[in-house]
Structures are given as structure tokens and as C-alpha cells.
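Dear colleague,

I am passing on a structure that you have not seen before, and my notes on what was found in it follow below.

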Amino acid sequence: MNPLLLTDGYKVDHRRQYPTGTTLVYSNWTPRKSRIQGIDEVVFFGLQYFIKKYILEDFETYFFKQSKEKVIKEYSRRINNYLGENQVGTKHIEDLHDLGYIPMVIKALLEGTSVPIRVPMFTMYNTKPEFFWLTNYFETLLSAVIWMPCTSATIAKQYRKILDKYANETSSIPEFVDWQGHDFSMRGMAGIEAGVSSASGHLLSFTGTDTIPAVDFLEKYYNADSDNELIGGSVAATEHSVMCMGTTEGELETFKRLICDIYPQGIVSIVSDTWDLWKVLTEYLPALKNEISSRAGKVVVRPDSGDPVDIICGNPNGKNENERKGVIELLWDTFGGQINSKGYKELIPQIGAIYGDSITIDRATQICERLKVKGFASTNVVLGIGSYTYQYNTRDTFGFAMKATYGEVNGEGREIFKDPITDDGTKKSAKGLMKIELENGTYKLIDQVDWETEKQGALKEVFRDGELLIDQTLAEIRQRVR
């Protein structure tokens with residue numbers, strides 16, 4: 001599809017609405033507000049994907065390399081059928097096709113950077129005066145592509161902070177946190193691109209994922225190489241259909257077959273609440289204790305329903321001893337383990353648990369805290385992070401917006417801004433040209449600067465006139481995030 005049609009309808013005629021003599025529009029992309037308690041910085045991620053996919057691939061393939069006649073006919077048909085006979089015109093589209101590239105500068109912070117609320121992540125402006133209309137024409141496409149990977153990368157980092165904190169306090173293997181947050185979100189996301197870009201944001205903080213195409217995404221757009229580095233991985237795992245086919249009467253045999261015959265070594269995750277989780281924990285697993293304890297690899301028990309905090313840690317108000325103890329304590333009763341140097345219990349390496357339903361940041365914190373109070377290391381359990389975390393967000397979660405703050409008309413600069421009197425201050429924009437400075441480890445916005453000052457600071461040109469200037473790797477982005 002012609003990427004010039006990937007926009008909001010009201011954008012197509014803004015070219016004529018700008019003042020006569022307009023030659024430049026300068027805009028920025030900024031998270032304006034956090035709606036998640038405890039998060040006041042947002043991870044920047046996804047711009048390189050946008051540039052490579054939409055500007056360098058899609059514009060080349062579906063616009064510049066198509067015949068001008070075909071492109072103009074397609075554009076005219078769509079806009080005229082959509083708006084009715086109008087005066088939008090096509091001369092500006094023809095001129096862009098003749099030019100053969102996107103005449104734009106994009107200046108950005110490095111991806112993986114944590115950016116304070118109300119500090120721009122990147123700016124952009126046109127390099128040829130006749131294409132002033134193009135800057136904010138990109139707003140819709142940019143916003144639709146970038147808000148989700150930034151948001152998911154930010155939320156994943158928050159999980160990482162929590163899991164790191166408790167692992168450092170209670171565990172002998174804090175490096176296990178790489179795998180402790182596992183992405184199960186793809187099936188619940190709003191389409192494949194949302195699922196993959198979100199999962200890639202998750203992989204900036206973790207290595208556990210069931211979203212296979214996120215690995216391809218990071219190889220293609222972020223110079224990763226799964227032959228030489230761990231991008232993301234998972235383990236063999238069952239689902240309820242597998243367990244149900246074994247029948248209620250044969251569930252013990254199903255567990256034994258999986259553990260001893262199908263996966264005699266390595267990690268296998270077995271969904272365990274198809275019928276009676278407590279029977280699995282107190283009858284089936286004890287019956288297989290010798291096989292599991294002597295196995296070269298880990299059996300991971302996966303409960304999948306109920307309140308995750310109570311199921312994993314035990315419910316003090318449970319109606320029986322099993323409910324009061326919870327999964328980890330019941331596994332300890334059967335398999336035991338060691339008390340590490342920090343004074344916390346760690347299950348034997350051959351047994352563990354994962355919970356992957358309805359996990360939130362708050363529930364992850366509660367699980368780690370309650371395990372700690374009970375004397376267990378947080379790394380006894382893996383948390384599956386799904387669409388309940390990653391899809392329950394919008395562009396407004398961090399108030400992302402692209403707004404123009406400067407323009408030039410008849411050769412004169414104009415500092416522009418918005419500050420609605422009816423707003424709470426969220427929509428108040430910066431003004432004029434911008435410089436971002438790193439001050440005491442935190443990025444700070446300075447607006448209303450001149451062009452000479454704008455050239456300085458932390459924003460670096462990553463794209464100019466059809467060319468990607470900085471091509472970052474997953475490895476370096478992960479390093480910045482962590």
C-alpha cells in the first residue's frame with residue numbers, strides 16, 4: 001500500500017492550511033504523562049524499525065519504485081472517493097515522487113535510553129522547503145508504530161527492576177532473572193505487528209519469550225544474530241489439550257510419559273491445573289519424586305487459574321492445608337532443596353514453577369514479597385507476562401504525542417506551542433527549537449534555542465534525506481536498558 005495513505009484523513013490537506021510562505025515544520029515525539037504509578041521515565045524503542053520498515057522499505061517499494069502514473073492514480077482515487085471532489089491536489093505528491101527520497105531529518109536519543117516524562121525522544125523536520133507539509137503528515141504512522149514498543153519496553157523494564165531487587169535479596173542465582181519474566185502475549189495482542197513489536201520491547205529486559213517472530217524482527221531491524229547471541233528462547237511445554245487427551249484417569253501416566261519418555265532430559269513445562277492442581281502436587285509428583293530428582297533437567301509445574309499470588313505463595317485463609325501452603329511450599333515439602341547463603345530456600349534444580357495467567361506488576365511484586373516472607377527465594381518461580389500486561393495499554397498510557405514547536409514562514413522563524421486553557425497541563429507543549437542535555441544522569445529539555453544550539457546536545461541525526469545514519473544493535477540497546 002502507498003504509505004502516504006497510511007494517515008488520518010484530516011492530514012491530507014494540511015499543506016494548504018499552513019500560512020502562505022511556509023517552508024519548514026519542526027516537530028517532536030514526547031511522552032507527556034505517566035498513568036502507571038512508579039514509572040516516570042519511558043524507554044525509547046522502535047524508531048529504527050520505523051525508519052527501516054516504512055521509510056526505507058515501504059516508501060521505496062510501494063511509492064518511489066512504482067510508476068508515477070500508478071501512484072498518482074491510486075492516491076487521487078482514494079482521496080477523491082474519501083473526501084469527495086476537493087482541492088487537495090496531487091502536484092505535491094508528484095514532486096515527492098520525482099525527488100525520489102524522503103527529505104527529512106530525524107534527530108533522536110539512542111534507543112534503549114530511559115527518557116523522563118515531558119522530554120522529547122526525537123525531533124524531525126523537512127530539508128527542502130516545498131515539503132514542509134511532510135513533517136506532520138508522518139504523525140499518524142509514527143504514532144501507530146512507535147507507542148507500543150516504547151510502552152512495552154518500559155513495562156518490561158519495570159518488571160525487571162522488581163525481579164532483580166528480590167533476586168538480589170533472596171537468591172543465589174540472580175542471573176536467572178533473564179528468564180524469570182517470560183512473554184506469552186502474542187495471541188492476545190491487537191494484530192501481528194503489535195504482538196511482535198511489543199515482544200521485542202520485552203526482549204530488551206528478558207530472554208524468555210514464546211513470540212518466535214520477535215527474534216526475526218530483532219535480527220532484521222536491530223542487527224541481532226541468533227547464531228551468535230541469545231535473542232530469545234523458550235522450553236518444551238504442554239497445553240490443556242495435551243493433558244485432557246490423557247484423560248482424568250490417566251493424568252499420572254501422562255505426567256510420567258512426558259517426564260520419563262518424551263523429555264527424559266532438559267526443561268519441560270507441564271500445565272498442571274487441568275483438573276486438580278493440588279492432587280498433582282501432593283500425589284502425582286511425590287509418586288514421581290525419584291524420576292524427577294534424578295533427571296538431567298528441570299520439570300516446571302504450571303498452574304494456570306485462580307489468584308496467582310495465592311496459588312504460588314499460599315492463601316492464609318485457604319480452606320485446606322494445600323491452599324494455605326501454595327505451590328512453592330508444597331514442592332519444597334516433596335523435593336526439598338537448599339538454604340542459600342542469604343538464608344532463603346531454593347528448590348532442587350530439577351523442579352520449579354511458572355505462573356502465566358493475569359500477571360501484573362503489582363502481582364509480581366506481591367508474589368516475590370510473600371515468597372520472601374515465607375523464606376523462599378524469588379527465583380523459585382517464573383512469571384509468564386501476557387497480553388493482560390502488554391495489551392491493556394494505549395498511546396495515552398504514557399501520553400505520547402508528536403507536536404510541532406517551530407516553523408519558518410517567508411524566511412522567518414516562528415516559535416509555536418499549544419497550551420489549552422481547559423487542560424490540566426498534560427497537553428501543554430514545549431516551544432521553539434530544542435536541545436536535550438544529559439544532566440546528572442538524567443535527560444533534560446531546553447526549548448526556545450537557536451539553530452546553533454539545536455545542533456548540540458544529546459539528540460543525534462539518525463536519518464537524513466533517505467539515508468539511515470546510525471544503525472544500532474540489539475546488544476547495545478539492551479545494555480542501555482539494563
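How many positive and how many negative side chains does the protein chain have, and how far apart do the centres of the two sets lie? There are 55 positive and 66 negative side chains, with the two centres 3 Å apart, where Lys and Arg count as positive and Asp and Glu as negative, while His and the chain ends are not counted, and where each charge is placed at NZ of Lys, CZ of Arg, CG of Asp or CD of Glu.

Please keep in mind that this is a predicted model, in which local features need pLDDT of at least 70 and side-chain atom pairs count only at pLDDT 80 or more, whereas totals for chains, interfaces and linings use all residues. Residues are numbered from 1 along each chain as its sequence is written, and side-chain values use heavy atoms, with hydrogens and water left out.

Of the 482 residues of the protein chain, 53% are buried (under 20% relative accessible area, with a 1.4 Å probe and protein chains only). The C-alpha trace spans about 85 × 50 × 45 Å along its principal axes.

The chain holds 19 helices and 20 strands, taken as DSSP runs of H or I over at least four residues and of E over at least two, numbered from the N terminus. Seven of these strands, in the order β7-β6-β14-β13-β10-β9-β8, form an open sheet with parallel pairing, a pair requiring at least two DSSP bridges. Because β7 (208-209) and β8 (236-237) stand at the edges with a single partner strand each, one side of each has no neighbour in the sheet. Within this sheet, β6 (residues 181-183) runs parallel to β14 (residues 381-385) and is joined to it by 3 bridges, with Gly181 opposite Leu383 in β14.

With kind regards

Key
Buried means under 20% relative accessible area, exposed over 50%, partly exposed in between (1.4 Å probe, protein chains only).
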